[in-house]
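The sequence and structure come first, followed by the points grouped by topic.

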Amino acid sequence: MKNILVVDDDKAIVWALTANLHHYGYTVNSVQNGVDALRQIQSQQPDLVLLDIDLPGMDGVEVCGRLRSDPRSSLLPIIFLTGLSELRDMRAAYAVGADDYVGKPFSMPELLMRISAVLRRAKNQQLPEVQKPTPPHQLQIGPLQLNLNSSTLETEHRVVGLTPNELSLMKYLMHHPNQTFSSEKLLQEVWLYPPGTGDPALVRWHVKNLRRKLEPKPDQPIYLHTIPHHGYILVDPPRPYQATLPRPATQLRANRQDKALYQAVG
């Protein structure tokens with residue numbers, strides 16, 4: 001039976017979530033602030049966290065960032081469940097490693113499907129190695145190198161760290177270069193959402209964040225492109241043509257002198 005930790009200071013929301021999640025076979029614990037959430041997770045790690053942003057004291061974004069920076073909880077599934085729907089709030093949540101972002105008021109059936117999808121992804125990540133085929137530890141497309149062990153992406157100019165969601169998306173796209181995928185397809189293939197349940201904003205945010213990390217100019221991408229009305233594509237750009245430059249005149253004169261000397265000696 002999966003255990004879910006609800007972190008929210010709204011008692012009515014906590015009561016409704018607890019009743020519904022119990023009905024569908026989950027066990028539920030709850031705390032009302034970020035500090036207590038970290039303590040609870042350290043003492044008994046849940047299978048998934050439903051996390052509000054607007055918490056007393058330490059907010060949900062800081063809680064998520066601290067959990068992601070701790071190796072013991074770096075892969076802990078975290079769904080933000082919050083009444084804050086501004087773009088800056090979503091950007092902050094995804095930047096620190098949110099697995100999903102659900103706004104209030106929410107549909108309980110949709111939330112349950114998203115919880116199931118996130119838990120399925122977490123199970124795939126944690127399968128014992130003996131049950132998985134041994135994957136390559138590094139993928140490469142042109143100058144881009146993705147290290148699956150360190151969750152880093154090396155470009156021509158730098159090495160950047162990726163969140164778990166960014167890593168999953170980049171890994172999928174590098175396995176399928178030069179192919180276009182709709183947001184719906186990526187939600188199903190990368191994040192394992194049932195059809196019609198995932199939010200396309202999840203894909204948009206992670207594509208935008210990836211561009212900031214891998215593109216020299218994110219507003220003029222050369223690798224990760226948007227195809228209007230179709231989706232996204234990771235392209236393997238051709239290497240720039242390098243013409244053979246003529247040798248400097250001094251080098252040509254030196255060569256002629258060497259040739260004349262050789263003929264004189266001969």
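Helix H2 (residues 34-43) packs with helix H3 (residues 60-69) at an angle of about 25°, and their axes are 9 Å apart. The model is predicted: local features need pLDDT of at least 70, side-chain atom pairs count only at pLDDT 80 or more, and totals for chains, interfaces and linings use all residues. Residues are numbered from 1 along each chain as its sequence is written, and side-chain values use heavy atoms, with hydrogens and water left out.

**Packing of H2 and H3**

- Axes are lines fitted to C-alpha atoms, for helices over the stretch in contact, and angles run from 0 to 180 degrees between N-to-C directions.
- H2 and H3 are therefore roughly parallel to each other (angles under 35 degrees count as such).
- The crossing of H2 and H3 is right-handed, that is, the near helix is turned clockwise from the far one by less than a right angle.
- Gly34, Leu38 and Ile41 of H2 meet Val63, Arg66 and Leu67 of H3, where contact means heavy atoms within 4.5 Å.
- By class, this contact of H2 with H3 comprises 4 nonpolar, 1 polar and 1 charged residues; Ala, Val, Leu, Ile, Met, Phe, Trp, Tyr, Cys and Pro count as nonpolar, Asp, Glu, Lys and Arg as charged, and the others, Gly among them, as polar.

**Chain as a whole**

- The chain has 9 helices and 12 strands, which are DSSP runs numbered from the N terminus (helices: H or I, at least four residues; strands: E, at least two).
- Of its 266 residues, 41% count as buried (under 20% relative accessible area, with a 1.4 Å probe and protein chains only).
- Among contacts in the chain with a separation of 6 or more, 58% come from residues 24 or more positions apart.

**Helix H6**

- The 12 residues of helix H6 (residues 164-175) should span 16 Å at 1.5 Å a residue, and the end C-alpha atoms are 17 Å apart, which agrees; the expected span is 1.5 Å times one less than the number of residues.
- Buried residues in H6 include Leu167, Leu169, Met170, Tyr172 and Leu173.

- Ile115, found in helix H5 (residues 108-125), is buried, with a relative accessible area of 0%.
- Not counting residues up to four places away in sequence, Ile115 touches Ile4, Leu21, Tyr26, Leu48, Leu50 and Ile79.
- The C-alpha atoms of Ile115 and Pro77 are separated by 9.1 Å, with the two residues 38 residues apart along the chain.
- Asp99 lies in the loop between helix H4 (87-95) and strand E5 (100-103), and counts as buried at 10% relative accessibility.
- Leaving aside neighbours within four places in sequence, the contacts of Asp99 include Arg68, Pro77, Arg121, Asn165 and Tyr193.

Definitions and conventions
Angles under 35 degrees count as roughly parallel, over 145 as roughly antiparallel, 65 to 115 as roughly perpendicular and the rest as oblique. Buried means under 20% relative accessible area, exposed over 50%, partly exposed in between (1.4 Å probe, protein chains only).
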